[in-house]
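Subject: Structure for your review

Dear colleague,

Please find below the structure that I am handing over to you. I would be grateful if you read the notes with the structure open beside them.

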Amino acid sequence: MPFRLRRDTREWFSYIEGDFSLDFDMYYLCLMAGLATGRRQELESEQKQTTELVDNYPGSFREKGRLINAYFLCRKLNSLGVDLSERDTVNDVIAEYVDPISPNQLSDLGQREINKYSYGGFEVLTEWFDDKPRHLETFLPLYKRYLDEILDSNTTK
Amino acid sequence: MAIDLQLIGWKAHGLRCPDHEVSFHDDTQKVYPVTLVQMPTGTGKTTTLEFLRTVLSGSASDWPSDHIRQFQKRDSTDPNGLFQVVLSYNGRRLTFRMEFDFENGKVNYFTTYRKGLQEGFQPPRELQKFLNPNFIKYFIFDGELAGQLLDRNNTNAQRVIEVLFQLIIFSMISNRIDDYWDDITRKSGAKEQRGLSRKQNECKSLRNCINSHKAAKRMLQEELETLEKELEEKAIQYEAVKANWEDLTKKLEVVNEKKVMAQNEVERITIEVLAMMRDPHALSRIIAEEIVQFKASLDRLKLPESTAREFFEELAEEDECICGRSIGKSESEIIRRRAKDYLGSDHIALLNGIKGDVSNLIGQESSVHEEELNDMLSLLDVAIKTEDRYRNEYHLLESEGIGGDPDLEGLRDRINDLNVEISECKERLEELDSRHDPGSSVKPENISAIPVLEARLKTAKDEVEQITNTIGLREKGEIVKRILADAHELAQSRINDEICIEANNRISELLPHNALRIKEIDKSLVLHGQEGGSVGENLSIAYAFLSTLFSSAKYHHLPFIVDSPAGALDGDVREEVANLIPNLTSQFIAFTISTEQQRFLPALESAAGDGIQYITLFRKGPQAYEARARSVEQTSITEDGFCVPGQAFFKEFQLESEDDGNAI
């Protein structure tokens, strides 16, 4: 099961899409915004509203894939309300969302879930930014700032 | 030119008069001042005189055939006749010959002078005014002329005076003026005033065209000057702007280069930032911390187990546990059941992988990655600001360039327009200054070349001037002609008066008891109180007049040939006339008959001295005179006549007519 990118995400990044060496960058940025905010989005028609990306973490993301998965699992466990001291639950949840055989080591469920976080994360981005980003060099700092703000606000809660 | 004409001699052959040949040369080959030719009546004296006038005037060309034939020698079958006169003209021999063709009734002239024999009557030009029918009778004179001198219908004594005293020069000059004016006006092509008007109108038209074009030229020159000045200004302005622009361009290049470098730096750093942000633990220390805590949790939970499910599944197959206990069936089943609670080895590997990445990638200092990211973001911020600065500087410089000349393109366009306008101006000025004449068929109003128009104007003005000069010339000519006419009239009047006075003096000498006097010369001689006199009186008057004429006309010397010089005169008059004769002219030839000699010949001999030549011509017949003539030395005997020289025979010869054959 591949990573999937919302079509509107691509459109939203249209001005700077060319600056990304990997389409996965757009997915990742949305994912991180979704994971950081706990926003996941169910799409009405995932097939229509998204495009397939890759099955595995591409390029330089590959070496970071396990960390992304770790953050995903962490946020998933958090969203599930699993107490991290509960070994069996944690084990079960992890076992449910990962698949060592999968290219990205996510199970189908894990893939679907992580995609949903990406979909939701796009929503977050559209809330952070009034307009489509036009320059990567200005988008990234702002992204970082908004991310910091939400993470900080989550932390203080 | 002075004319010295002398009669050297003549000869006649085949004509009604006896064939004869006379010569008036003396032994020294000079003509006798006086020659008396005695010819009895009927000998052909009148005919000879007529021949002399005819051969020296060319008038026989007009003779009718019958008139010509009557000159044929009687009873002669010879169809030809000859009369030839030899003259000396200013020392050169001049011969006129009439050849009679009685059969055809024609007379042919031949002239021998410098060019040799020429057919026709061809006297030298200077003699033509004398050797013509009108003038010839004034020096080949007979008594008939005496009466004609008083008849203005039959004579033109005034004409003779004009010829002798060269008064014809006045008319010659007057004619020459007309000829000259005709020659001039013929070249100008317009003699009439309307020709002048046409040319003047042409000048006016040309002048108007020239003035119009000159005005246009001035305007064009002013316009050109203005345009060139504006072009110069615009060019300077353009160059200045261009120079600034070049400066600006250089600055822009520098700034742009920095801008580009800054842009590149921004790009580089951005890529660096993006790369760093791909690390979730670098995005935020919080994320990093959560991931670390997750690992820590897994560690605390001892996840993954150290023993994988496969171990227990393999253990379940063993008979003995690793602790040494035996594994029965139930133990094996429990192991298998509980093995499911353990992650497979892959899962263990996965989790161990996660935990390993967390340890390796995040490490102990979870915040350092974000700090590094933040540092990079700071650098990015700086780079962005730097790029912005250079971009702004670039835009500012650009704006400055554009602001320095808000209409740079318009300036360039204006320069191009000016160059076109200047070129058109110069082209137009070249047309106005062109010297190429498209041809006379092109009208002035269709020519714009000022030099061409000016050349045409000059030509037209020259033509006008020619015409006006011609008219002026004609006027001047008319003035001169009037002067000439006045001078002519005055000269004529004075000469006439002088001649009248002189002639009257001679008349008074010839006719002392006669009150007959010439009053004036008005074509003919006008006598005081009467129209004419007797034959003798008329002859006296004629001699007085002619002697005055020929003695006064010092520039011309003509022979004076007279028929019966004293025939009708009284004895006293004869003597007076005889006295006049030696002074009359340089050569006097008189045809006389014996009866005329009384009182005339002695007076003449007395006046002329030894300068008299005597010739007696008579037709064969009178035997006594023939015999006497034969005895005279140098007598010339022809077929039908004798020509006897010498005074003795002349005086002895008493024949008055041919009928008097035995007079001796």
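The notes that follow describe what was found. Please bear in mind that this is a predicted model.

I begin with the interface between the two chains. In chain A, 44 residues are in contact with 44 residues of chain B. The area buried between chain A and chain B is about 3,600 Å², and carbon and sulfur atoms give 70% of it. Leu67(A), Arg87(A) and Lys144(A) supply 19% of the area that chain A buries against chain B, more than any other three residues.

There are 5 salt bridges between chain A and chain B, and the interface also holds 13 residue pairs in polar contact. Helices H2 (23-37), H4 (65-80), H5 (87-97) and H7 (136-156) of chain A each supply at least two residues of the side that touches chain B. Of these, H7(A) gives the most, with 12 residues. The residues on that side of chain A divide into 25 nonpolar, 7 polar and 12 charged.

Side chains of opposite charge can pair when their charged atoms come close. Lys64(A) pairs in this way with Asp279(B), and their closest N and O atoms are 2.6 Å apart. The pair crosses between chains: Asp279(B) lies in the loop between helix H7 (193-277) and helix H8 (280-283) of chain B, while Lys64(A) lies in the loop between strand E2 (50-52) and H4 of chain A. Both Asp279(B) and Lys64(A) are buried.

Other salt bridges lie within a chain. Arg69(B) forms one with Asp66(B), with the closest N and O atoms 3.5 Å apart. These two residues are separated by about one helical turn, because they are 3 residues apart in helix H2 (residues 65-69) of chain B. Arg69(B) counts as partly exposed, at 32% relative accessibility, whereas Asp66(B), at 63%, counts as exposed. Arg630(B) and Glu626(B) also meet in a salt bridge, at 3.6 Å from N to O. Glu626(B) is buried, with a relative accessible area of 6%. In chain A, salt bridges that share partners join Arg40(A), Glu42(A), Lys76(A), Glu113(A) and Lys116(A) into one network.

Lastly, I turn to one helix of chain A. In H2(A), 13 of the 15 residues are buried, so this helix is largely enclosed by the rest of the structure. Just after H2(A), Gly38(A) takes a positive phi of about 70°.

Yours sincerely,
A colleague

How values were computed. Residues are numbered from 1 along each chain as its sequence is written. Chains are lettered from A and ligands numbered from 1 in the order in which they are written. This is a predicted model: local features need pLDDT of at least 70, side-chain atom pairs count only at pLDDT 80 or more; totals for chains, interfaces and linings use all residues. Side-chain values use heavy atoms; hydrogens and water are left out. Contact means heavy atoms within 4.5 Å. Buried area is the accessible area (1.4 Å probe) that two parts lose on being put together, summed over both. A salt bridge is a side-chain nitrogen of Lys or Arg within 4 Å of a carboxyl oxygen of Asp or Glu. A polar contact is a pair of N or O atoms within 3.5 Å; within protein, one must be able to donate a hydrogen and the other to accept it, and residues adjacent in sequence count only if both atoms are side-chain atoms. Helices (H or I, at least four residues) and strands (E, at least two) are DSSP runs, numbered from the N terminus. Ala, Val, Leu, Ile, Met, Phe, Trp, Tyr, Cys and Pro count as nonpolar, Asp, Glu, Lys and Arg as charged, and the others, Gly among them, as polar. Buried means under 20% relative accessible area, exposed over 50%, partly exposed in between (1.4 Å probe, protein chains only).
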